[in-house]
Structure formats: C-alpha cells, structure tokens
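Visitor: I would like to go through this structure term by term. For each label, please set the value against the definition.

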Amino acid sequence: MSEYKVLHVDSDSFGDFCVLDDGDYRVLSFGDNDEQSKMDKAEPHVPQHTYVQAMLSVLLFTQPKSVIILGLGGGALVHSLRHVDAAIKITAVELRERVIDVAKRFFQLPLSKKLTLIHQDANLFLAQAEHKKVDVIFADIYSNKGVDKQQLTDVFIGQTKQLLKADGFLVLNCWKEHSRDTQLRDTLYHHFTHVYACLTGGGNWVVYATNGSNHFGMANNKQALQNLSQKLDTNISRVLTRFGAWE
C-alpha cells in the first residue's frame, strides 16, 4: 500500500489506526497492509471488497426495512444500503468512538434521520436487547487481530436471533478457515433453519442464516442478480460462484 499517502493518524485504547488516500480511493487501516474499509471517493456506494459485496448479496433474498450493522468501520455497508434504498432504517454499532468520528470526517458517511450511530460494545448492545427487531443483522466485528471471537459464540448468535424478525437474516463475516469450523456451523443450525455461505476471492467466509422461507434460490436468478449488480455498480454474481448450503 506504498502508493497511498497517510492522510490521518489516530489512536485509542484499542490501538492505532490511520486513513490513507491515493487520490481516487480512501482506506481505513487498523494495521500494516490492512484495509479495514476502502472507498471510491467518486462513488462511495460501490463496495470495494469482495466480503462487503458478499454481505450485500443478502439483498437478493430480502428487501429490508430495517437493519443493524455491528462494526461500522469506514461505513461501506451504510453507503451501499443507503444507495440501494434510502428508506432503510440503519442502526450502526461501533466500539471505537474515534472510528465513528473518522467515518464521518473522512469517509463521507451519509448522515440522516434514517441512520442511528451507537458508540457501544456490540456484545453489550445485543445483551441489552433494547432495539426493535429488524430484518437483517450484519455482523462484521474486526480488529487488527482479525475477527472478534465473540462473534462466533452461541451467546452472540442466539442474541442476534432475538433481535431479528421471524423471517430475518443474520449475515456473518468470517475468515476462510471458519468454513471448516463445525462447531460454528452446528451453533448456527441450532438457532436457524437455513444456513448458507459463500467463500469470497478475498479469503472471507460470509454466512447467511434465517428461519424464514428459503429464498436462497434467488442467488441463481439472473434477473435478480443483474438488478442488484446494477444498483451497486458491481458484479454480484462473481462473488456468489461458491455459494451454497453449509453442510
């Protein structure tokens, strides 16, 4: 990432992070050679990372009116969701207050009455269960050390289920190696009837879990794929080439 210039350096009790810029793209980095978030400054709604594209693929299966995002980062999911449907009510929960500040200042975070930003530990937010039930929960809690292990526990997954509507979706961003985690798979099936997953080219294992009617066949619907790809200005079908039930 040497072509990038350091635009901003920050730190808090959880560690250092910085904002990088090469003129066209802006990156939030939590460590060396790390891209926590990446944004095309001219088109902030276009998801740059394959794992974000995969997480947004849940829009093939549901048209959410309300979502919760656990782990704001630079706000890539917020940008894309807002572009697809400006009426979606978004609650984004972020542990690091200074990350929220950076998302506002450097990543064009689309602030509106439809976006609620909460500075809180996601695990505490879930445990309190004070939020109204939503259609989708995106769990994307990472640090410079990788995925938050709490995100993979029975308690965490059970608490997300409690905040989902009956036919709601949990979208979980994991690493490639979690595709072999049978305990995680079994935990998800303990709480959800349908569990599908996608292995992205970037090395992420993105999981979709729901107790609603199985709409996963839409992943093979060419018209639906084309429509979502056009809305996001990216080829969604490309990230779903390795999509299927987690067995």
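Guide: Helix α5 (residues 154-162) and helix α6 (residues 182-191) pack with their axes 10 Å apart, at an angle of about 30 degrees. The model is predicted: local features need pLDDT of at least 70, side-chain atom pairs count only at pLDDT 80 or more, and totals for chains, interfaces and linings use all residues. Residues are numbered from 1 along each chain as its sequence is written, and side-chain values use heavy atoms, with hydrogens and water left out.

Visitor: Why are α5 and α6 called roughly parallel?

Guide: Axes are lines fitted to C-alpha atoms, for helices over the stretch in contact, and angles run from 0 to 180 degrees between N-to-C directions. Angles under 35 degrees count as roughly parallel, over 145 as roughly antiparallel, 65 to 115 as roughly perpendicular and the rest as oblique. The angle here is about 30 degrees, and α5 and α6 are therefore roughly parallel. Their crossing is right-handed, a term used if the near helix is turned clockwise from the far one by less than a right angle.

Visitor: Which residues of α5 and α6 meet?

Guide: Asp154, Ile157, Gly158 and Lys161 in α5 meet Leu184, Thr187, Leu188, His190 and His191 in α6. Contact means heavy atoms within 4.5 Å. In α5, Phe156, Ile157, Gly158 and Thr160 are buried, and the buried residues of this helix pack against β5, α4 (122-128), β8 (134-139), β11 (164-175) and α6.

Visitor: What makes Pro64 buried rather than exposed?

Guide: Buried means under 20% relative accessible area, exposed over 50%, and partly exposed in between (1.4 Å probe, protein chains only). Pro64 has a relative accessible area of 5%, so it is buried. Pro64 lies in the loop between α1 (50-56) and β5. Leaving aside neighbours within four places in sequence, Pro64 is in contact with Leu59, Asp85, Ile88, Asp135 and Val136.

Visitor: Why is strand β6 described as largely enclosed?

Guide: Five of the six residues of β6 (residues 89-94) are buried, so the strand is largely enclosed by the rest of the structure.

Visitor: How do you know that β6 pairs with β5 and with β7?

Guide: Two strands pair if DSSP finds at least two bridges between them. Helices (H or I, at least four residues) and strands (E, at least two) are DSSP runs, numbered from the N terminus. β5 (residues 66-70) and β6 have five bridges in the parallel sense, with Thr91 as the bridge partner of Ile68. The chain goes from β5 through helix α2 (residues 76-84) to β6 in a right-handed β-α-β crossover. Five bridges also join β6 to the parallel strand β7 (residues 115-119), where Thr116 is the bridge partner of Thr91. From β6 the chain crosses through helix α3 (residues 97-106) to β7, again right-handed.

Visitor: What makes a crossover right-handed?

Guide: With the strands pointing away from the viewer, the path from the first strand over the helix to the second runs clockwise.
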